[in-house]
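The structure is shown first.

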Amino acid sequence: MNVLFASSECAPFVKTGGLGDVVGALPRKLAQEGVNTAVILPKYKSIDEKYVKEMYYIDNIYIKMGWRSQYAGVFKLEKDDVIYYFVDNEFYFGHEPLYSDVYIDIERFAFFDKAVLALLQVTGFWPDVINLNDWQTGMIPVLLKAHYSHDDRYNRIKTVMTIHNLKYQGIYDKKTISDILDLDDDYFTPDKLEFYKDASFLKGGLVYSDYITTVSPTYSCEIMNEYFGENLNGILNARHESVRGIVNGIDYDVWNPRTDENIEENFDARNVVSKKRDNKLKLQRELGLLEDENKFLIGMVTRLTHQKGLELVDHIMDEMMAQGEVQLVILGSGDETYENMLRHYEWKYKGSVCSVIKFDNSLSHRIYAASDAFLMPSLFEPCGLSQMIAMHYGALPIVRETGGLKDTVEAYNEYENTGTGFSFANYNAHEMLYVINYAKSVWKNNKKAWQAMMKRAMKADFSWDNSAKSYIEVYNYLLGSV
Ligand code: GLC
């Protein structure tokens, strides 16, 4: 079976969030399971020189974009039994940052979607299945139908649309989209691409793909409702028989506290208690926090967006810091309002709150290793990877029960001595504070229970093994082999 992943991100070449991690890990796992796997992504300027040196040029073609004709080169790199193809075009991908204003991105990814299909003829990798990821690749199944249905090599290809985040949809005016993608008016009716008088890339993917997956089972149910459905719950309901939630895994080659070179003291479940103390003291020193092992250190590593529940943190920050028992480290970047809010709290609670406003992969490892607890109060969370990484590093997650957070964190039960973290149901700041205080009291007064829970969390299985098998099941189902 040949499977091609089309994506706007793929670690280690380029990543801004979880999408990059997933497309970096899942294809490798599929290859290990015997699937011939390839990934196609844009050849961005920001890709590290060391990878660019490993690529070699295959060929080029020209893609019609409205009245212009655009060059599309393709480069190839083989790594860990996966073939990576990079679509080259200086005009579209030769600039920072990765994502830009919508009017620019719409054209760039329209070009990418066209190029992915056209380039199959020069790469010679004919997929049985194309696995699409998020809105940037949503037009691929639409184009397959509109431009290639007469060609048998294309006609037999099945498509799976994986939703990592329903909120981002790639919406723009119908006229521009019909022009650059060469689609006639029939495609722009409300049952197809039309979306509140505009047109939507993601909707195209949802309507025209053969199958839809989301990155956790709970999220696949949540998005059937208005609250989480981002105005696409109607079409998702109509297609519910072809929707399945498959939880993401984490990459244990990258996230392994025993071998991690970014952290001060390596550890495993046997010596986590003492090593976490050492890592904590070292992180406190590194970040200018009060060096005291008796502070309850809460970590957050997050994009600073509305999705991530920062309003709740804002609302209870003063109460949380009042008794002087908690320290909070937040690493991330994003919306300016949240960045400034966090800078303010660092200033106000110097020595107890540290806000590192940037993307720093290495520091994120040290935060997971040093923290006692890891806070993720998301408004919605398609899967979330950080809570799984945190558990693997013995930092117990405190999460809101939504999406993948609900599927991966088992709440502590003090009577049964079970669980791998803490959770709360409603998007309510005081409900969150109550659970933070509860976690703190277990940590402080019931060390035995806490330490047993740390070990359970570290040993929980978040590998890609099971999830990769579920993807293969979906592909087999589509190809009629089960
Ligand atoms: C997006 C989602 C996140 C998910 C990730 C990978 O970033 O917000 O919940 O884990 O994609 O699928």
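## Ligand site

An N or O atom in the side chain of Glu381 is 2.5 Å from an oxygen atom of the ligand; a polar contact here is a pair of N or O atoms within 3.5 Å, and within protein one atom must be able to donate a hydrogen and the other to accept it, while residues adjacent in sequence count only if both atoms are side-chain atoms. The protein covers 94% of the 310 Å² of accessible area that the ligand has on its own (Shrake-Rupley method, 1.4 Å probe; for residues, only the protein chains shown count as cover). The model is predicted: local features need pLDDT of at least 70, side-chain atom pairs count only at pLDDT 80 or more, and totals for chains, interfaces and linings use all residues. Residues are numbered from 1 along each chain as its sequence is written, and side-chain values use heavy atoms, with hydrogens and water left out.

His164 places a polar side-chain atom 2.6 Å from an oxygen atom of the ligand, and for Asn248 the corresponding distance is 2.9 Å. The ligand is surrounded by 14 residues, the closest being His164, Asn248, Glu381, Cys383 and Gly384 (a residue is near if one of its heavy atoms lies within 4 Å). By class, this shell holds six nonpolar, six polar and two charged residues; Ala, Val, Leu, Ile, Met, Phe, Trp, Tyr, Cys and Pro count as nonpolar, Asp, Glu, Lys and Arg as charged, and the others, Gly among them, as polar.

Nine strands form an open sheet in the order 3-4-5-2-1-6-7-11-12, and the pairing is mixed. Two strands pair if DSSP finds at least two bridges between them; helices (H or I, at least four residues) and strands (E, at least two) are DSSP runs numbered from the N terminus. Strand 3 (56-65) and strand 12 (243-245) are at the edges with a single partner strand each, so one side of each has no neighbour in the sheet. On average, neighbouring strands are turned by 25° against each other, direction ignored.

Strand 1 (residues 2-6) and strand 6 (residues 129-133) run parallel and are joined by four bridges. Leu4 has Ile130 as its bridge partner in strand 6.

Helix 4 (residues 102-123) lies across strands 1 to 6, at about 125° to strand 3. Helix 20 (residues 465-478) lies across strand 1, strand 6, strand 7 (158-163), strand 11 (211-214) and strand 12, at about 145° to strand 7. Axes are lines fitted to C-alpha atoms, for helices over the stretch in contact, and angles run from 0 to 180 degrees between N-to-C directions; contact means heavy atoms within 4.5 Å.

Three bridges link strand 8 to strand 10 (residues 198-200) in the antiparallel sense, and Tyr172 stands opposite Ala199 in strand 10.

## Backbone geometry

The Ala11 to Pro12 peptide bond is cis, with omega near 5°; Pro12 sits in the loop between strand 1 and helix 1 (18-32). Glu96 and Pro97 are also joined by a cis peptide bond, with omega about -15°, and Pro97 belongs to the loop between helix 3 (90-93) and helix 4.

Asp80, in the loop between strand 4 and strand 5, has a positive phi near 45° although it is not glycine.
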